[in-house]
Structure formats: structure tokens, C-alpha cells
Amino acid sequence: MSASQDASQAILLRHDERGVATLTLNRPQQFNALSEAMLEALQTQLDRLATDPEVRCVVLAANGRAFCAGHDLREMRATPELAYYQELFGRCSRVMQAIQALPVPVIARVHGIATAAGCQLVGSCDLAVASHAARFAVSGINVGLFCATPSVALTRNVPIKRAFEMLVTGKFIDARTAADWGLINQAVEEEELDAAVAALAAQIVAKSPAAIRYGKAMVYRQKQMALPEAYDYAAEVMARNIMEADAMEGIDAFLEKRAPKWSPPA
């Protein structure tokens with residue numbers, strides 16, 4: 001069990017247990033808005049997680065009444081300069097891509113609201129579980145700002161007409177609707193949220209670390225390819241995966257009707 005000890009600890013907490021690293025946004029009074037400091041803290045931890053062989057799954061959670069209310073508008077308004085905004089949105093985009101680039105699955109644990117870049121954060125995670133009290137919106141349009149960067153994640157999760165309606169109206173959708181549209185995997189009662197996230201993480205940790213790492217990287221890469229290229233790439237990945245000791249062990253265990261014994265992560 002460990003916790004990050006750097007200066008960012010106050011706004012971003014890390015807790016590791018049984019192969020699961022939980023990052024908790026900790027600006028509850030600001031609804032966990034993505035300030036410059038929060039983005040820097042997230043990038044730092046994601047970079048560390050990317051090279052940590054002990055981590056098998058990451059959970060992204062938050063303290064307080066909200067999951068994440070998006071960018072810190074007060075901080076943004078204090079520096080009305082194009083170069084500043086270009087750097088800010090570029091930094092946020094790098095954080096979102098770093099989540100997807102992690103070799104292990106990332107689960108968003110969502111309660112309260114997830115708006116604008118907060119909704120983008122949910123869409124950037126591989127999996128998401130929310131309480132029935134959670135609500136989602138890309139509401140920049142309400143202040144005259146189209147949620148352009150959040151739309152990248154949103155339109156990769158939600159059908160385009162659903163996403164566009166959210167983007168041009170700023171309206172909220174509830175957790176059941178978010179699950180129906182594909183933004184989250186499931187919606188559960190508030191008191192069941194931790195158990196549901198833990199159960200999903202445990203299922204991932206129980207699988208072969210090598211297979212999970214092969215699989216996550218492959219799934220996102222093949223999405224950008226034409227069908228023939230995607231199949232060629234997937235076949236090569238699968239051939240290399242089956243040469244791993246875990247695959248051989250898993251097949252032998254299946255044939256011998258016993259539980260497999262996975263190799264520890266490299």
C-alpha cells in the first residue's frame with residue numbers, strides 16, 4: 001500500500017492496493033475542476049503509472065459532491081491570451097491521451113456531475129461505473145464556448161447525433177441514459193458504487209497481465225485502421241500473445257480443468 005508523496009498530493013491522491021491504483025481528484029470545494037495544477041498532477045501520476053509493473057488496473061475517482069466540473073473557469077478567465085489557452089487545452093488533451101495510452105485499463109468511478117472536460121475525462125477512460133445520482137453534460141455552450149476538445153472523447157463513445165445534441169444544447173443526461181448511450185458501462189445505486197467498481201477491477205486483475213496489456217493497446221490502435229489492415233494487425237498481435245507463457249499456461253489450465261497461474265507483470 002502506498003500514497004504519492006509529492007507536492008501535488010493535496011489535490012490528487014493515490015492509493016495502491018492489490019494491483020489497483022486509485023487516483024482521487026481532491027478539490028471538492030471547486031467541484032474538482034481541472035486547474036493547471038490538477039492537470040500537472042494527473043500527468044505526473046499517469047507517467048508514473050505507465051512504467052509501474054505492479055499496477056494492473058487504475059480507478060479514477062473524486063472527493064466531494066462532484067466528479068469533475070471541467071476546466072477551472074476562474075483560472076482561465078484570469079489569462080485571456082491565445083497562447084495560454086492553446087497550451088492549456090493542449091495540456092488537457094495530453095492528459096486524456098495518456099489515460100488511453102496506459103498499458104492497463106482505467107475505470108472512472110463517477111458520482112455527482114461530470115461536465116465539460118469532466119465528461120471528457122469519463123469518455124477518455126476505458127470503462128466507467130456511475131451512481132444513479134451522476135449526471136453528465138458538455139455544457140460549455142452555455143457560456144458561449146463549444147466543448148471542442150470534450151467532443152473528441154464524447155463522439156468516440158456516444159452516437160454522433162446523441163453527442164451533437166449534448167454539445168449544442170448543453171443539457172444534462174442522467175446515469176441510466178449515459179449507460180444506454182454508451183458513455184458509461186453501468187449505473188448503480190450510490191451505496192453500491194464502490195462495490196461495483198471493486199468487482200470490475202477484481203475481474204481485470206484476475207486475468208493475465210500480458211493479455212490485458214496486449215489487448216488494450218491493440219483495441220485502440222486497430223480502431224484507426226481500415227478493415228483489412230486492422231485484421232492483419234490483430235492477427236499479428238494475437239500470434240505474439242499466444243507465444244507468451246501466460247497463454248500457454250491458460251490453454252493448458254483450460255484443458256486440464258484447473259485454475260491458471262499467471263506470470264507476474266514484467
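Author: Questions and answers on these topics follow. This is a predicted model, in which local features need pLDDT of at least 70 and side-chain atom pairs count only at pLDDT 80 or more, while totals for chains, interfaces and linings use all residues. Residues are numbered from 1 along each chain as its sequence is written, and side-chain values use heavy atoms, with hydrogens and water left out.

Reader: What is the bridge partner of His15 in β2?

Author: β1 and β2 (residues 20-25) run antiparallel and are joined by 6 bridges. Within β2, the partner of His15 is Thr22.

Reader: In the sheet β5-β7-β8, what angle does the direction of α4 make with that of β5?

Author: The edge strands of this sheet are β5 (113-115) and β8 (173-174). β7 (residues 135-137) pairs with β8 in the antiparallel sense over 2 bridges, and Phe136 has Ile173 as its bridge partner in β8. α4 packs on the sheet and touches β5 and β7, where contact means heavy atoms within 4.5 Å. Between N-to-C directions, on a scale from 0 to 180 degrees with axes fitted to C-alpha atoms (for helices over the stretch in contact), the angle of α4 with β5 is about 95 degrees.

Reader: Are α9 and α10 roughly parallel or antiparallel?

Author: α9 (residues 209-223) and α10 (residues 227-242) have axes 10 Å apart, at an angle of about 175 degrees. Angles over 145 degrees count as roughly antiparallel, under 35 as roughly parallel, 65 to 115 as roughly perpendicular and the rest as oblique. Therefore α9 is, relative to α10, roughly antiparallel.

Reader: Which residues lie nearest the centre of the largest pocket?

Author: On a 1 Å grid over the protein atoms alone, a pocket is an open set of points with protein on both sides within 12 Å along at least five of seven lines; a cavity is a set where a 1.4 Å probe fits but cannot get out, and lining residues have an atom within 4 Å of a point. A volume is the space filled by probe spheres set on the points, which are joined across faces, edges and corners. The largest pocket has a volume of about 540 Å³. Of its 24 lining residues, those nearest the centre are Gln100, Gly123, Ser124, Arg156 and Asn157.

Reader: How many nonpolar residues are in the lining of the largest cavity?

Author: The largest cavity has a volume of about 50 Å³, and its lining includes Leu23, Val58 and Ile99. Ala, Val, Leu, Ile, Met, Phe, Trp, Tyr, Cys and Pro count as nonpolar, Asp, Glu, Lys and Arg as charged, and the others, Gly among them, as polar. The lining has no polar and no charged residues, and the nonpolar ones number 9.

Reader: Which helix gives the largest share of the lining of the second largest cavity?

Author: This cavity holds about 40 Å³ of space. Its lining consists of Arg56, Val104, Ile204, Pro209, Ile212 and Arg213. The largest share, 3 residues, comes from α9.

Key. Helix = DSSP H or I, 4+ residues; strand = E, 2+ residues; numbered from the N terminus. Pairing = 2+ DSSP bridges.
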